[in-house]
Amino acid sequence: DLPDLRFERRIGLAFSFTGEKLTGEDARYALDQVMALRPDLEAVPWLTIMPAAHPEPHYKLIVASDQPVEDLDDLGKLLDKALCFRNREYADKRRSGRLAVSDVVHLPFEEAVQRVGGQRADRSWETQFKFLPLMTRTWDSPHSEE
């Protein structure tokens with residue numbers, strides 16, 4: 001009577017607005033670099049990167065934590081620098097203005113699960129959600145209200 005589990009949409013995790021082809025590996029590298037430069041983030045339960053189309057294409061660093069986080073603007077700049085270093089196409093798109101600088105959104109943990117993962121507040125084990133280094137659903141897309 002145990003459920004059969006099947007993992008979907010994890011292999012080849014990538015997103016591209018204008019040809020930058022940001023991958024899960026790029027995102028993991030950038031998050032590791034941010035964490036190395038900001039040890040105060042060690043207490044943050046989850047960091048993830050999510051594409052956002054408005055007001056212009058860019059990536060958001062989502063900080064999922066119930067605790068306050070200092071210097072959020074600095075985090076966006078650190079993330080952007082790490083992504084530029086890791087991904088040449090990302091750097092080219094930033095230089096050309098086709099991608100805007102990364103920004104940061106701090107959300108309480110449960111709100112992040114709902115907003116980023118589209119999960120209901122009353123979710124059960126059947127609707128577990130795990131933050132990946134890169135979420136390929138855009139920040140602008142509607143999230144589940146069911």
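Predicted model: local features only at pLDDT ≥ 70, side-chain atom pairs only at ≥ 80, totals over all residues.
Hi everyone. Strand E3 pairs with strand E4, residues 58-64, in the antiparallel sense, and the pairing runs over seven bridges. Together E3 and E4 make a hairpin, with five residues between them.

The mean pLDDT of the protein is 84, with 81% of its residues at 70 or more. Confidence is highest in helix H3, residues 88-96, at a mean of 95, and lowest in helix H4, residues 109-117, at 83.

Now the backbone. Most peptide bonds are trans, and most residues other than glycine have a negative phi. Here, the bond from His54 to Pro55 is cis, with omega near 5°. You will find Pro55 in the loop between E3 and E4.

Lys21 is not a glycine, yet its phi is positive, about 45°. Lys21 sits in the loop between strands E1 and E2, and at 55% relative accessibility it counts as exposed. Asp71 also has a positive phi, near 55°. Asp71 belongs to the loop between E4 and helix H2, and its 53% relative accessibility makes it exposed.

On to the rings. The whole structure holds five aromatic pairs. In one of them, Phe15 and Tyr59 have ring centres 6.3 Å apart and planes at 85°, so the pair is edge-to-face. Because Phe15 is in strand E1 and Tyr59 in strand E4, this pair ties together parts that are 44 residues apart in sequence. Both Phe15 and Tyr59 are buried.

Tyr29 and Phe85 form another pair, this one stacked, with 6.2 Å centre to centre and 20° between the planes. That pair links helix H1, which holds Tyr29, to helix H2, which holds Phe85, across 56 residues. Which of the two is exposed, and which partly exposed? Phe85 is exposed, with a relative accessible area of 69%, while Tyr29 is partly exposed at 22%.

Two last things to click on. Phe15 and Tyr59 turn up again with Phe17 and Tyr90 in one aromatic cluster. And the charged end of Arg115 sits over the ring of Trp139, 4.0 Å from its centre.

Notes: Residues numbered from 1 in each chain as written. Heavy atoms only, no water. Pairing = 2+ DSSP bridges. Helix = DSSP H or I, 4+ residues; strand = E, 2+ residues; numbered from the N terminus. pLDDT = per-residue confidence, 0-100. Buried < 20%, exposed > 50% of the residue type's maximum accessible area, 1.4 Å probe, protein only. Phe/Tyr/Trp six-rings, centres within 6.5 Å; stacked < 30°, edge-to-face > 60°. Lys NZ or Arg CZ within 6 Å of the ring centre and 35° of its normal.
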